Amino acid sequence: MPTLLWAAALFVPFASSHAQAISGISLGDIDPSVRAQDDFYAHANGRWLKRTTFPADKAYVGPAQEMQDAIQGQLRALIQSAPTGADPEAKKLADFYASFMDEASAARLGATPLAAELAGIAAVHDRAQLGVLWAHLGQLGVDAPLGYPIGQDDRDATRYVPQLSQSGLGLPTRDYYLKLDDAKFREARTKYVAYMAQMLALAADHPSGRATAESLATARAVLALETEIARGQWTPVENRDPIKTYNKVALGELPTLAPTLDWPAFLGAAGLAGKTPDLLLRQPSYLQALDALLGSVPLATWQAYTRVRLLDAYAPFLSPAFVSASFDFHGKALSGTSQMRPRWQRGIRLVNGSLGEALGRRYVEAHFPAASKQRIEAMVANLLAAYRDSIATLDWMSPETRQQALAKLAKISVKIGYPTKWIDYGALVVRRGDLVGNVMRARRFEDARQVAKLGQPIDRAEWQMTPQTVNAYYDASMNEIVFPAAYLQAPNFNPAADDAANYGAVGSTIGHEISHGFDDEGSQYDGDGNLHDWWTADDKARYKAKTSALVQQYSAFVAVPPNYHVDGELTLGENIADNAGLVMAYKAWQRSLGGRPSPVIDGLSGEQRFFYGFAQTWRGKTRPASLLAQIKSDPHSPDEFRVIGTLRNHPAFCPAFGVKPGDKMYLAPQERVLLW
C-alpha cells in the first residue's frame with residue numbers, strides 16, 4: 001500500500017515585489033522577534049501564525065488547505081463549463097454534482113433512500129449471515145469489522161491479493177475506547193453515544209432527531225460492542241510492521257480460524273470466491289477475537305451496530321437533520337470546527353472522490369503546464385543522483401548492503417503530474433436527482449474495479465491519487481514515487497523562484513518520498529517490491545540504533561499540552577523521510593550549482609533561503625481536537641515538529657544561522673541523527 005505524505009503546506013500568495021518572486025521566500029511571514037536559533041518554525045512563520053485565524057469550517061489551516069480550496073474552485077468551474085451534450089463523461093460529472101446540490105430532494109426523502117438496506121439488516125436472523133451483510137455493505141463504502149482491500153502480495157509483487165484487515169470503529173482509534181481515565185477521550189465517547197442515538201432516532205422517523213430512551217440504550221450497547229472490537233485490534237504501531245502483518249491464509253482455512261462466520265457466503269458476497277486461492281490476514285489475533293464476539297454478543301446488538309455504521313456512512317447525503325448530526329459529531333466534537341463547509345464544496349469533494357480521474361483529466365489540461373513537469377523531472381533526476389552519491393559513501397553501510405541499496409534506487413519508478421492511462425467510467429451509471437443511488441453505484445463501481453484486478457497482471461500505470469490531489473506518495477510494492485500535478489505549485493514549487501527555495505520546499509518532498517524506500521518499513525522491501533531482507537545483520541543493527549535515537553527525539557515533543565506527546569514509534573517512518581529528504585535535497589541543490597556560488601537575494605544566502613523554503617511550506621495551524629486525533633492515528637508528526645525536529649539534525653542548519661551551544665535549536669553533533 002502507498003506510504004502517503006500528507007502535505008501540510010499550501011498556497012500562501014507571495015508578496016508582489018520582484019525580489020520576493022525570485023527568492024521564493026515570503027519575507028512578510030518571518031517574525032524577527034523570534035530568534036531563528038531558538039525556534040525556527042515560529043521565526044520563519046511567526047507573523048503568519050499570529051495573523052491567521054481558523055475559518056469556522058476548518059480544523060486545519062495552512063498552505064496545503066488553501067491550495068486545495070483554490071483547486072476546488074477550479075474543479076467547480078470545470079464541471080459547470082463542460083459541454084455535456086457531446087461528452088458522456090462530462091454529463092456524469094455535471095449530473096453527480098447536481099444531484100448533491102439538490103438539497104430540497106434530500107430534505108423531502110429523509111432516510112427513505114436507505115430503506116432497502118435497513119430492511120436487509122433487520123432481516124438477518126443468524127450471526128453467520130453477518131459476514132454476507134458486511135461484504136455487501138462494504139461494497140457500498142460502509143465500514144464493517146472486516147475490510148478486504150485489494151493490493152499486491154508483499155512477498156510476490158507480481159500478483160494482486162485481498163488483504164483481510166481490522167476495521168469498523170466509529171471513533172478515530174482504539175485509544176478513544178480503551179483509555180478510560182482520559183478526560184478528552186471520555187468526552188468523545190459521551191458525544192459519540194449521543195450522536196448514535198440521534199441517528200437511530202432519525203432513522204426511526206422521529207423528525208426532531210431527539211434521542212429516545214430506546215435509542216440511547218441501543219447506542220450504549222453499540223459503544224460497548226465497539227469497545228470490545230477495539231480491544232481486539234492491533235495498535236497503529238503494530239500495523240506498521242510488514243512482517244507481523246504478513247500472514248498468507250488459504251481461503252479454505254478461514255473456517256478453522258473463525259468458525260462462526262459463513263465464510264463461503266462471505267467470500268461469494270465479496271466477489272472473492274473463485275478469484276484467488278488465498279488472502280493476506282493482516283491481524284490474525286483480531287480475527288479470533290472478533291469470532292469470539294460474534295458468538296457471545298446478541299444478534300440484535302450486531303444489527304444495531306451495523307445500522308449505525310450504515311447511517312454514519314450515508315448521513316452526509318440524507319436530509320439536513322442527518323447532515324447536521326453528522327457534522328456536530330465529526331466536525332465539532334472530533335475536529336473542533338464550528339461551521340460546516342459550503343454545500344458546493346462538499347459537492348465537489350464528493351464528485352472528486354467518485355469520478356476523480358474524469359475530473360483530473362480536465363484539471364491537468366487546464367492547470368498543469370508542461371514546463372512545470374519538465375523542471376520537476378530535472379529535480380527528481382538530481383535528487384536520485386544525490387542519493388546514489390550518498391549511498392556509495394555511507395560509512396555505516398557495508399558493501400553487500402550498499403550494492404542492494406543502489407540496485408533498489410535504480411529501479412525506482414517516477415510518476416509526475418498525471419497518469420498515462422485514465423480510468424474508464426463508462427460502466428458507472430449516474431442519474432440526476434438520485435444522490436444516494438449515485439453514491440452507492442460509484443462505490444460499487446470502485447469495489448468491482450478493485451476486485452477485477454485479482455488474477456490479472458499488475459497495472460504499473462495505475463495511480464493511487466488523482467492529479468488534483470495536493471499530496472505525494474511512495475508505494476513500496478511498486479517501488480515508485482508519485483507527485484500529482486496539484487502538489488507542484490507555489491509555495492511547494494514556484495517556477496519563478498530561485499532554486500534554493502524550491503529545493504528546500506518541493507526538493508525536500510522528492511527526497512522524502514525516495515527515502516521511504518529506505519525507511520524502517522520501506523527498507524524491508526527490495527527493488528522489485530517484494531518483502532525481502534536484503535540487509536546484513538550488522539548494518540541492520542547500526543540502522544536500528546540511529547532510528548531508535550530518532551524515536552526518542554520525537555517522543556519528547558508535546559503536541560497537545562500538557563501531556564499528549566508525539567508518538568515517536570508511530571511517526572518513525574515519516575520522521576526518517578523528513579530528515580533524509582531534507583539532507584538529500586540540500587545535497588542535490590548544491591549539486592545543481594555546479595560549483596558556482598549561490599547569490600544573495602533579499603539579504604539571504606542560498607543556504608538560508610533553502611531552510612526558509614522548507615519551513616514555510618510546513619506552516620499550519622490545527623485545532624486541538626483534530627490534533628489529538630492526528631497524533632493517535634497519523635504516521636506524520638505535526639507541522640511544527642516536522643520543521644524543528646528535522647532542522648536540529650541537519651548539519652548545515654547551524655552554520656547557516658549561527659546556531660551555537662545553548663540555543664534551543666542546537667543539538668551537539670554526536671546527538672544528531674544523520675542517516676544519509
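Where is Ala452 found? Select Ala452 and you land in the loop between helix H20 (435–451) and strand E9 (472–475). Helices (H or I, at least four residues) and strands (E, at least two) are DSSP runs, numbered from the N terminus. Ala452 counts as partly exposed because its relative accessibility is 47%; buried means under 20% relative accessible area, exposed over 50%, and partly exposed in between (1.4 Å probe, protein chains only).

Before going on, a word on what you are looking at. This is a predicted model, where local features need pLDDT of at least 70, side-chain atom pairs count only at pLDDT 80 or more, and totals for chains, interfaces and linings use all residues. Residues are numbered from 1 along each chain as its sequence is written, and side-chain values use heavy atoms, with hydrogens and water left out.

**Zoom out**

Colour the chain by pLDDT, the predictor's confidence in each residue, from 0 to 100. The protein chain averages 94, and 96% of the residues score at least 70. Residues 1–21 are another matter: there the pLDDT is below 50, although the stretch has 93 contacts in the model beyond near neighbours in sequence. Contact here means heavy atoms within 4.5 Å.

Switch to cartoon view and you can trace 27 helices and 13 strands. The C-alpha atoms fill a box of roughly 75 × 55 × 55 Å, taken along the principal axes. Of the 676 residues in the protein chain, 59% are buried.

**Into the core**

Next, select Phe40, Trp302, Tyr314 and Phe611. These touch the most other members of the largest nonpolar core, which has 198 residues. Such a core is a set of buried Ala, Val, Leu, Ile, Met, Phe, Trp, Tyr and Cys residues joined through side-chain atoms within 4.5 Å.

Stay on Tyr314. Leaving aside neighbours within four places in sequence, Tyr314 is in contact with residues including Leu114, Val142, Met440 and Arg443. What lies over the face of Tyr314? Look for Arg443, at 5.0 Å from the ring centre. A charge sits over a ring if NZ of Lys or CZ of Arg is within 6 Å of the ring centre and within 35 degrees of the ring normal. For another case, jump to Lys408, which lies over the face of Phe518 at 5.6 Å from the ring centre.

**Rings on rings**

The structure holds 31 aromatic pairs. Rings of Phe, Tyr and Trp (its six-membered ring) pair if their centres lie within 6.5 Å; planes under 30 degrees apart count as stacked, over 60 as edge-to-face and the rest as tilted.

Select Tyr195 and Phe329, a stacked pair at 4.8 Å centre to centre with 10° between the planes. Tyr195 is in helix H9 (residues 183–203) and Phe329 in helix H15 (residues 320–335), so the pair links parts of the chain 134 residues apart. Both Tyr195 and Phe329 are buried.

Then try Phe557 and Phe641, also stacked, at 4.6 Å centre to centre and 15° between the planes. Phe557 is in the loop between helix H22 (537–555) and strand E11 (558–560), while Phe641 is in helix H26 (residues 639–649), 84 residues apart. Phe557 and Phe641 are buried.

To see a cluster linked by ring pairs, select Phe40, Tyr586, Trp589, Phe610, Phe611, Tyr612, Phe653 and Phe657.

**Helix H24**

Phe614 is in helix H24 (residues 606–617). Is Phe614 buried or exposed? Phe614 counts as buried because its relative accessibility is 2%. Among the contacts of Phe614, leaving aside neighbours within four places in sequence, are Gly504, Leu582, Arg642 and Leu647.

Most residues other than glycine have a negative phi, and most peptide bonds are trans. With that in mind, go to Ala490 and Pro491, where the peptide bond is cis, with omega near 5°. Pro491 lies in the loop between strand E10 (480–484) and helix H21 (499–515). The bond from Pro561 to Pro562 is cis too, with omega near 5°.

Last stop: Asn479, in the loop between E9 and E10. Phi of Asn479 is near 50°, a positive value, and Asn479 counts as buried because its relative accessibility is 0%.
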